[in-house]
Amino acid sequence: MLSNKSTQFAKLAVNRLLKQNQSVRFFGAAKSFHLESPENNETTFFDFTDENYERANRVLQKYPDNYRQAAMIPLLDLAQRQNGGWLPLAAMDKVAQICHVAPVRVYEVASFYTMFNRTPVGKYFMQVCGTTPCMICGSEEIMQTIQGHLGIKNGGTTKDGLFTLLEVECLGACANAPMVQINDDYYECLSKETMIELLELMKQDKLPPVGKWGSLPMNGQVSCEGPLGKSSLFTIPTTLTVDPDRFKDGEVNPADVKKHMAY
């Protein structure tokens with residue numbers, strides 16, 4: 001447990017950073033303390049629309065009344081979508097009110113998960129994966145292409161509010177590296193040329209739809225096969241023959257099951 005002197009020192013250090021308008025990071029979270037701005041302060045108003053209140057009620061019905069806090073993440077996501085992709089302080093307070101929890105509990109969640117943005121983002125929020133598979137396949141060139149084409153840096157937003165760029169960790173599309181997540185959708189198998197093509201289409205609000213799978217390889221690939229086509233599993237794998245009556249008497253010997261499954 002910290003001594004009183006240690007606690008006072010920590011408070012002074014935090015206050016000093018806040019006065020200097022610097023972000024404070026804990027455990028990799030984004031800005032861990034609210035910094036007021038013209039578009040996000042204690043007087044900023046937020047409330048759900050009637051349509052989103054109906055959605056919020058459907059979310060709450062999934063949980064017992066004494067576990068309303070379990071709805072916090074889906075409600076924060078709903079608020080973020082309504083507010084153009086980011087969460088002002090008022091939106092987090094509204095979620096706290098609905099979930100019957102102290103506002104700080106909502107702040108903790110919103111500052112921990114990178115899916116939540118607590119500062120404004122552009123209409124097209126581009127998250128470029130920079131983890132090893134994407135990096136060795138050219139993600140650095142993709143980042144440089146976006147920065148050069150739009151004139152912004154990592155973490156920046158264009159002056160017209162159309163684009164926000166952020167390099168992130170693995171987004172789980174390693175087989176189709178390099179890739180970028182634009183809002184909710186994945187655009188994969190990128191090259192410098194196809195990235196520029198996407199940027200120009202976004203400027204015209206003509207971003208190609210990704211279809212029901214939520215991803216679109218930009219090299220024309222429509223299956224898991226590589227550029228050389230199928231390279232393995234040329235024949236249909238055979239399966240073990242299983243006796244359908246093996247448990248008809250309701251008796252199961254664990255040793256026999258392990259033997260049957262080749263354990």
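Where is Glu169 found? Glu169 sits in the loop between strand 2 (163–168) and strand 3 (180–182). The model is a predicted one. The protein has nine helices and five strands. Of its 263 residues, 32% count as buried.

**Overall layout**
- From the N terminus on, the elements run α-α-α-α-α-β-α-α-β-β-β-α-β-α.
- Among contacts with a separation of 6 or more, 60% come from residues 24 or more positions apart.
- The accessible surface of the protein is about 17800 Å². Carbon and sulfur atoms hold 54% of that surface.

**Glu169 and its surroundings**
- Glu169 counts as exposed because its relative accessibility is 59%, and the cut-off for exposed is over 50%.
- Leaving out residues up to four places away in sequence, Glu169 touches Cys129 and Thr131.
- With Thr131 there is also a polar contact, side chain to side chain, at 3.2 Å.
- Cys134 is 35 residues from Glu169 in sequence. In space, the two are 9.7 Å apart, C-alpha to C-alpha.

**Helix 2 and its two sides**
- Helix 2 covers residues 50–60, and its buried residues are Asn52, Ala56, Val59 and Leu60.
- Seen down the axis of helix 2, these buried residues fall within an arc of 95°, so they line one face of the helix.
- An α-helix has 3.6 residues a turn, so residues three or four places apart point the same way.
- The buried residues of helix 2 pack against helix 3 (72–82) and helix 4 (89–99).
- Asp50 and Glu54 lie on the other side of helix 2, where they are exposed.

**Thr145 in helix 7**
- Thr145 belongs to helix 7, which spans residues 139–150.
- Is Thr145 buried or exposed? Thr145 counts as buried because its relative accessibility is 8%, and buried means under 20%.
- Its contacts, not counting residues up to four places away in sequence, are Lys192, Met195 and Ile196.

**A nonpolar surface patch**
- Which residues form the nonpolar patch on the surface? They are Ile73, Phe112, Tyr113 and Met115.
- Together these residues have about 370 Å² of accessible area.
- Met115, one of the patch residues, is in the loop between helix 5 (103–112) and strand 1 (124–129).
- At 42% relative accessibility, Met115 counts as partly exposed.

Technical notes:
Residues are numbered from 1 along each chain as its sequence is written. This is a predicted model: local features need pLDDT of at least 70, side-chain atom pairs count only at pLDDT 80 or more; totals for chains, interfaces and linings use all residues. Side-chain values use heavy atoms; hydrogens and water are left out. Helices (H or I, at least four residues) and strands (E, at least two) are DSSP runs, numbered from the N terminus. Buried means under 20% relative accessible area, exposed over 50%, partly exposed in between (1.4 Å probe, protein chains only). Contact means heavy atoms within 4.5 Å. A polar contact is a pair of N or O atoms within 3.5 Å; within protein, one must be able to donate a hydrogen and the other to accept it, and residues adjacent in sequence count only if both atoms are side-chain atoms. The arc is that of the directions from the helix axis to the C-beta atoms. Patches are made of residues with over 30% relative accessible area and no salt bridge: like charges are joined within 9 Å, nonpolar side chains (Val, Leu, Ile, Met, Phe, Trp, Tyr) within 5 Å. Accessible areas come from the Shrake-Rupley method with a 1.4 Å probe; for residues, only the protein chains shown count as cover. A salt bridge is a side-chain nitrogen of Lys or Arg within 4 Å of a carboxyl oxygen of Asp or Glu.
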